[in-house]
Amino acid sequence: MLRGLVASPGPASGLLGRCFPLLTAPSRGRKSRTDPPAKSKAGRIKLPPPVDPAELPVVQDRYRHYLAIVRALRMEFRHELFQRRYAEKYGDLGRQRKEAAIEEHRQLMAFNDAENRCLQLRREERLRREEVEAAEQKLRGAQSRASRLEELLKKREKEVLQLQEDAKEFVTLDNLDEKIEACLDSPRNYNFAIDKDGRVAKRSVVS
C-alpha cells in the first residue's frame with residue numbers, strides 16, 4: 001500500500017519514498033489493460049482460494065437457508081403493505097380517512113371564512129378611523145393656516161400703524177422750516193465721555 005503513495009520508480013525516488021511517503025495520489029493512476037505485467041508477477045498463476053471440502057456443503061446449505069428466510073420476510077412485508085394500501089383505498093379505513101379529510105376541509109374553510117370576516121371588520125374599522133383622523137388633521141391644518149394668516153394680518157396692520165405714526169415725524173418740504181427751527185431751539189451735545197457702566201461721566205459745554 002505504501003508503494004502507491006511514494007514517488008515514481010527509481011533508485012533516488014525509491015529511497016526518498018521510503019523516508020517521506022507522499023500524501024497525495026500517484027500521478028500515474030490505475031494500470032491499463034494494455035500495460036505488460038510487472039516483472040515480479042510475470043510467472044504468477046492465479047489460483048482460487050482453498051476450500052475445505054467438508055465445510056463447503058455446510059456453508060452452501062446455510063446460505064440457501066438464509067436466502068429462503070430473507071425471501072419469506074420480504075414477501076410477508078410486501079403482502080402486509082399491499083393489504084394496508086388496499087384497506088386505505090377501498091376499505092373502511094379509507095372511507096373513514098376520506099370522511100375525516102372532508103370534515104377537516106370543511107372546518108378549515110369555516111375557520112378561514114370566520115378569520116376573513118374578522119379581518120374585514122378590522123379593516124373597515126381601521127379605514128373609518130383613518131378617515132376621521134384625516135378629516136381632523138385637515139381641520140387642524142385649516143385652523144392653523146387661518147390663525148397664522150390672522151397673526152400675519154395683525155402684524156402687518158401694526159407695522160402700517162407704526163409707519164403712519166413714524167411718518168408724522170418725517171421731514172418734508174412743508175415742515176422743513178419748522179424742523180430746522182426746532183433743531184436750533186433744542187441743540188444737542190454729542191461730545192461726552194462715559195464710564196465702564198455706560199453712564200455719562202463728562203460732557204463738554206456747548207458754546
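The count of salt bridges comes to 12 in this predicted model. The protein chain has 207 residues, of which 2% count as buried. Its secondary structure consists of 4 helices and 2 strands, and from the N terminus on the order of elements is α-α-α-α-β-β.

- Arg106 forms a salt bridge with Glu103, and the closest N and O atoms of the two are 2.3 Å apart.
- Both Arg106 and Glu103 belong to helix H3, where 3 residues, about one turn of the helix, separate them.

- Glu169 forms a salt bridge with Lys179, with 3.4 Å between the closest N and O atoms.
- This pair links distant parts of the chain, with Glu169 in the loop between H3 and H4 and Lys179 in helix H4, 10 residues apart.
- Glu169 has a relative accessible area of 56%, so Glu169 is exposed.

- Asp197 and Arg199 form a salt bridge in which the closest N and O atoms lie 3.1 Å apart.
- Both residues of this pair, Asp197 and Arg199, are exposed.
- A network of salt bridges links Asp195, Asp197 and Arg199.

**Packing of helices H2 and H3**

- Helix H2 covers residues 56-90, and helix H3 covers residues 92-167.
- H2 and H3 pack at an angle of about 50°, and their axes are 4 Å apart.
- Angles under 35 degrees count as roughly parallel and those from 65 to 115 as roughly perpendicular, so H2 and H3 are oblique to each other.
- The crossing of these two helices, H2 and H3, is right-handed.

**Nonpolar surface patch**

- Val171, Leu173, Leu176, Ile180 and Leu184 form a nonpolar patch on the surface.
- Together, the residues of this patch have about 540 Å² of accessible area.
- Leu173, one of the patch residues, lies in the loop between helix H3 and helix H4, the latter spanning residues 176-185.
- Leu173 is at 80% relative accessibility and therefore counts as exposed.
- The loop that holds Leu173 also holds Glu169, the partner of Lys179 in the salt bridge described above.

Methods:
Residues numbered from 1 in each chain as written. Predicted model: local features only at pLDDT ≥ 70, side-chain atom pairs only at ≥ 80, totals over all residues. Heavy atoms only, no water. Patch = residues over 30% accessible without salt bridge, like charges linked within 9 Å, V, L, I, M, F, W, Y side chains within 5 Å. Areas by Shrake-Rupley, 256 points an atom, 1.4 Å probe, with all protein chains shown as cover. Salt bridge = Lys/Arg side-chain N within 4 Å of Asp/Glu carboxyl O. Buried < 20%, exposed > 50% of the residue type's maximum accessible area, 1.4 Å probe, protein only. Axes fitted to C-alpha atoms, helices over the stretch in contact; angles between N-to-C directions. Parallel < 35°, antiparallel > 145°, perpendicular 65-115°, else oblique. Left-handed = near helix turned anticlockwise from the far one by under 90°.
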